[in-house]
Amino acid sequence: MSDLVEVIEHFRMHELTIRRLYGRTPEFRSLCEDYVVARTALERWRTDEVKVHDFKLLTEEIEAEIEEFIQGALNRFREILPREQD
C-alpha cells in the first residue's frame, strides 16, 4: 500500500485535502512516509510489548501532526471562501 493510500485509509473524510497536501507539500509527503514506517514497525513488532507501546505512541504523534496539516489546509480554504451576509 502506498503512503498516500494508507493515510487516506485512516483519514477517509479528508481524502481530497490529503491528496492536495501530498502533491504540493514535501513536508506532508515526508510525514506520510514516516506514518507508514511507524505503522509497519507496529505490525512487525506486535509480539514485543515495549516496542508496540513505543511505535503506538509514535504512530499517534504522527497522526496528530497529519491532522494539524489537514486542519491548517481546511482553515486556509475557509478563509478564502466568500462569506455569506446575514
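Helices (H or I, at least four residues) and strands (E, at least two) are taken here as DSSP runs, numbered from the N terminus. The model is predicted, and local features need pLDDT of at least 70, side-chain atom pairs count only at pLDDT 80 or more, while totals for chains, interfaces and linings use all residues. Residues are numbered from 1 along each chain as its sequence is written, and side-chain values use heavy atoms, with hydrogens and water left out.

A pocket is defined on a 1 Å grid over the protein atoms alone, as an open set of points where a 1.4 Å probe fits, with protein on both sides within 12 Å along at least five of seven lines; lining residues have an atom within 4 Å of a point. The largest pocket holds about 220 Å³ of space, where grid points are joined across faces, edges and corners and the volume is the space filled by probe spheres set on the points. Two or more lining residues come from each of α2 and α4, and α2 gives the largest share, five residues. The lining is made up of L16, T17, R20, L21, R24, T25, A73, L74, R76 and F77. Sorted by class, five of these are nonpolar, two polar and three charged, with Ala, Val, Leu, Ile, Met, Phe, Trp, Tyr, Cys and Pro counted as nonpolar, Asp, Glu, Lys and Arg as charged, and the others, Gly among them, as polar.

Next comes the interior. A nonpolar core is a set of buried Ala, Val, Leu, Ile, Met, Phe, Trp, Tyr and Cys residues joined through side-chain atoms within 4.5 Å; buried means under 20% relative accessible area, exposed over 50%, and partly exposed in between (1.4 Å probe, protein chains only). The largest such core has 17 residues, and V7, F11, I18, F28, I62, I66 and I70 have the most contacts inside it. Two or more of its residues are supplied by each of α1 (3-10), α2 (15-24), α3 (26-44) and α4 (49-80). Beyond its neighbours within four places in sequence, I66 is in contact (heavy atoms within 4.5 Å) with V7, F11, F28, L31 and Y35.

The helices can then be taken in turn. In α1, I8 is buried because its relative accessible area is 9%. Leaving out residues up to four places away in sequence, I8 touches E15, I18 and R19. From I8 to E67, 59 residues apart in sequence, the C-alpha to C-alpha distance is 12 Å.

Helix α3 has 19 residues and runs 27 Å from its first C-alpha to its last, close to the 27 Å expected at 1.5 Å a residue; the expected span is 1.5 Å times one less than the number of residues. Its buried residues are F28, L31, C32, Y35, V36, A38, A41 and L42, and they pack against α1, α2 and α4. V37, also in α3, counts as exposed because its relative accessibility is 56%.

Helix α4 has 32 residues, which should span 46 Å, and its end C-alpha atoms are 47 Å apart, in agreement. T59, I62, E63, I66, I70, G72, A73 and L74 are buried in α4, and the buried residues of this helix pack against α1, α2 and α3. A64 of α4 is partly exposed because its relative accessibility is 38%.
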